[in-house]
Amino acid sequence: MEIELAGEKLLLSENKIIYWPKQQSVFIADLHLGKTTHFRKSGIAVPMAIIKTEIDRIENIITKYHPKRIYFLGDLFHSDLNHEWDIFNDFLNLHSTLEFILIKGNHDILSDKTYKLSQLKIEKEPFQLTPFILTHHPLKKEEVNENELNLCGHLHPGISIKGKGRSYLSLPCFYLEKNIMILPAFGRFTGLAKIKPKKDSRAYVVLNDSVNKIG
């Protein structure tokens, strides 16, 4: 779905990313890589194939949009250093012509040395990318000028859709409130925080092959 915000055309994708055609840039929030190994160490049986599936999804996005750069809006890596970081670095090295920028979130706790050894460029929030302000945590409304847009993550927004009878389906969504756009969590091994859209807000629900506006 194509929308216009802050004077720029943006594509909200069913891949749970935003693509900015003008700058050939992709925005992704909340991958939480490394989480599967983190849980396995705690004795919780989680399939190791999840990490490969997540990276394959990013590969598909690169193939589809041919971006010049990818911005990770925080919580890229969920836990302390583990072998999933090596798998992710192998992926980065395969795409050395692309620029990868991480806006650090609360789960991005790896050492500075570890980040420096990777292809990632590290930035702290808020990161100005006019007319956008990139953060992990949503800014307060008064912190964003009316001609700007805050792109962020952290909340893993989702919405409940009423079906027949008393059935409900919970789905991830992009959530826009005033000039703050919260992206859905890209990682599939994450939960949803159900939101109730306000009168002046918009939700864009993510379906298997499309994004639909609600309200």
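Cys-173 counts as buried in this predicted model, because its relative accessibility is 0%, and Cys-152 counts as buried for the corresponding reason, with a relative accessibility of 0%. A disulfide is a covalent bond between the sulfur atoms of two cysteines.

**Overall chain**

- The chain has four helices and 16 strands, and buried residues make up 51% of its 215 residues.
- Among the contacts in the chain with a separation of 6 or more, 65% are accounted for by residues 24 or more positions apart.
- The accessible surface of the chain comes to about 11,000 Å², and carbon and sulfur atoms hold 51% of that surface.

**Nonpolar cores**

- In soluble globular proteins, nonpolar side chains tend to be buried together.
- The largest nonpolar core has 27 residues, of which Phe-72, Leu-76, Phe-88 and Leu-120 touch the most other members.
- Two or more residues of this core are given by each of β4 (25-28), α2, β5 (69-72), α3 (83-94) and β6 (99-103), and the largest share, six residues, comes from α2.
- Apart from this core lies another one, of 25 residues, which includes Leu-151, Phe-174, Leu-176 and Tyr-204.
- When residues up to four places away in sequence are not counted, Leu-76 touches Leu-31, His-32, Leu-33, Trp-85, Phe-88, Leu-102, Asp-108 and Leu-120.

**Ile-101 in strand β6**

- Ile-101 has its place in strand β6 and counts as buried, because its relative accessibility of 2% is under the 20% cut-off.
- Leaving aside neighbours within four places in sequence, Ile-101 is in contact with Arg-69, Ile-70, Tyr-71, Phe-72, Lys-121 and Glu-123.
- Ile-101 and Leu-73 are 28 residues apart along the chain, and their C-alpha atoms are separated by 8.6 Å.

- The side chain of Glu-54 is joined to the side chain of Arg-57 by a polar contact of 2.9 Å.

Technical notes. Residues numbered from 1 in each chain as written. Predicted model: local features only at pLDDT ≥ 70, side-chain atom pairs only at ≥ 80, totals over all residues. Heavy atoms only, no water. Buried < 20%, exposed > 50% of the residue type's maximum accessible area, 1.4 Å probe, protein only. Polar contact = N/O pair within 3.5 Å; in protein donor to acceptor, adjacent residues only side chain to side chain. Core = buried A, V, L, I, M, F, W, Y, C linked by side-chain atoms within 4.5 Å. Contact = heavy atoms within 4.5 Å. Areas by Shrake-Rupley, 256 points an atom, 1.4 Å probe, with all protein chains shown as cover.
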